[in-house]
Amino acid sequence: MEPTITPTPFPPTPVPDTSPEAFTFTLEQPAYARSAEVLTNTVTIAGINTQAPLVVSAGAEYSIASGDFTTGNTTIANGQTLQIKTQAGAEFSDEVAITVSVGDYETSFTVVTVPQDITPEPFSFVAKTDVDLAMAYTASATITGINDAAPISVSNGEYAIGDGDFTSAAGTIESGETVTVKVLSSTNFSTETAAVLDIGGVKGTLAVTTLAQDIEPDTFSFESVMDADLNTVYSADAITISGINDAAPIEVADGEYAINDQAFTSAEGTVHAGDNVVLRLTSAATANTVAMATLTIGGIANSFSVTTVKDLQAPTAKIAFPPPTAKTANTSVIVRGSAEDNLSQITDLKILVNGQDSGVTIESTDNFATWKTQLDLFEGDNAITIVVTDEAGNVNTEAAAVNMRREAFENSFPHEGVGFDLTVSIVLDDTTDNPRLLIGRRYLFDGTFISVDLATGVRTELTIKGLPTENTITESIVLDKQTNALYMLSTDPGDQIIYRVDLASLQVTHSLDLTDKLTEPNKGSLRRMLVDRETQEQPRILITMTYENAIGAVDLGLTEFSVFSSNTIPDVALPYEGPTDIKLMPGSDSLLVTSERTNQIFEVDPNTGARSLFADPAASTETSVWRSAAAIGFDVYHGRNRAIATGHGGEDFLLAVNLETRATKLFSESDLNMKIDGVYAITIHPNYDYAFIYSVGGRSLLAIDLESGQRVIISKSK
């Protein structure tokens, strides 16, 4: 039998269900930044069996099954995911409401924007201490905790945002920006200055405090000097000032200082860091003595000491008068001189005579720099020795010595032999190590003259070589040291000739016959000569011509002669009456000429020969017995600005004429024991403090002390 087939019924058609199970959208945060993108959570649609319509309110987008976000109405199936995207409001505290419906189910959520916040998180700046004066200082901070531009302002300073310029004007600042505040430190020490920055009511202060004043420098020192010269300026090595931050006072005691090569001073001042300071002082004037200068800077003091050398050297002395060897007929003589000690003070000076202490009192007002005494003499030789002692105990037992003989004036000295003769000139020759006086011989016709050794007084006869005749006298001589030539005049009884003689060989090298130039050639008219290298471009020799009443001029080569000044050249005013001596007045462009028969001294212009009266000794009441003006010499080397004049008319005295006032006074008064008789020649030299005078009547060469006028004999013949 065939099986029975039961027919299966068709299932019933489902009823469409578009009502999903409830779902809710949540947000990640309660509030959002303005205009921020907002995403909801993802929900899965359940409880529907067919496509359900999906509607999202304006301003939102949706994503189904992680697809792209889109807008517009659509449908969604059971089991599909759904996510909503929207945007927060553009204003602070704004609310954006979003509605989503699936089928007949509707849900919503609200997006809230954050409220405005312009109050930043607290910020601060680290205070600065010990800062320099009047300097700008800065500090920075990054601003957080605001969501809008916050107002910014500053007091007592400036600020800059980011890389912007500094300003003090109010402005705004955004979150995350860096602000830098700047403040200027005080111009005073130990003083705080603060700049206050205000951002949205929150304040930050940058305080800077200047350093404390410091005028106490780092330690400095000076290296001492030993074995220093006396009375000499010494400078310490320069020091560089450090360790101060302000002008420090500086002062010095017993010295001077200089800052940065400025002038030295002893006045108080100020010094700054980096300055170089040099300290100096003058060493002591005595040996083994410490001189100390103290420099004080800002209360810190240090000293520079200079110690002079130890005195192991004895003092020295010189005798200015009498000469090394001399004699007198008087019972005493003035002894004067000088003493010197470069290291110590001189404490004692004694005079020994023949080895024994004379016991005389030494007169000195300058610690023996100069001294004198009137010393009694024994009959015969008196060996005078100077003994000096200094404060260090050093003794010089033979500091200086001379020999004075006391004996009758008439005796020869220091020996017999070569005799003096009449002369009108004496010449001091210091061209060698043994100075000597050269003296002519007027009455010997053999061309000889005398050399006197100034150390011993010994006389030597010298003969000029190459004279044309043996009948020649050495009337007058003069020395030209520049050419080492001796010029000699020969007069009566032969021709009137001037010779040039080589001093070393005594050989005649040139000559000029002046006989036909003279009106009375046989009367010995030529007298004294002067080598004039100062007043003319070409040097010349000036010659006084007694009987011609004129002054002649000859070139040094003895080629030409002319009359330089006479009673008609340039005019007849103030005529000469026996011109005898001529000298160039030191320190001037004038000549002085003695006029023998008028007893006057003329001043003569070296260019024109014009004359004027310089001095008239006979008109002075003090010297009214003056009867002639024979020779003149200048004493200007030791502060005495005068001329010493001699006469040969029997006067036993010498005159001094002041070169400024022209006043005349007695210089060396009459001395009957040491009488001067007929003085024709005088010379004064800067190396000697006495004048050399030749006395014709006494046949003697005398030294006249230029201070006291006392006389001694250097050399004498019978």
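Is Asn354 buried, partly exposed or exposed? Asn354 is partly exposed, at 40% relative accessibility (buried is under 20% relative accessible area, exposed over 50%, partly exposed in between, with a 1.4 Å probe and protein chains only).

This is a predicted model: local features need pLDDT of at least 70, side-chain atom pairs count only at pLDDT 80 or more, and totals for chains, interfaces and linings use all residues. Residues are numbered from 1 along each chain as its sequence is written, and side-chain values use heavy atoms, without hydrogens and water.

Stay on Asn354. Its phi is near 55°, a positive value in a residue other than glycine. Asn354 sits in the loop between strand E29 (346–353) and strand E30 (356–357) (strands, E, are DSSP runs of at least two residues, numbered from the N terminus).

Next, select Asp227. Asp227 belongs to strand E17 (residues 225–228). Asp227 is exposed, with a relative accessible area of 54%.

Now pick Phe321 and Pro322. A cis peptide bond joins them, with omega about 5°. Pro322 lies in the loop between E26 and strand E27 (325–328).

Move to Phe413 and Pro414. The peptide bond from Phe413 to Pro414 is cis, and omega is near -5°. Pro414 is in the loop between strand E33 (395–406) and E34.

Finish with a lining. By class, that of the largest pocket has 23 nonpolar, eight polar and nine charged residues (Ala, Val, Leu, Ile, Met, Phe, Trp, Tyr, Cys and Pro count as nonpolar, Asp, Glu, Lys and Arg as charged, the others, Gly among them, as polar; a pocket is an open set of points on a 1 Å grid over the protein atoms alone, where a 1.4 Å probe fits, with protein on both sides within 12 Å along at least five of seven lines, and lining residues have an atom within 4 Å of a point).

Conventions: Helix = DSSP H or I, 4+ residues; strand = E, 2+ residues; numbered from the N terminus.
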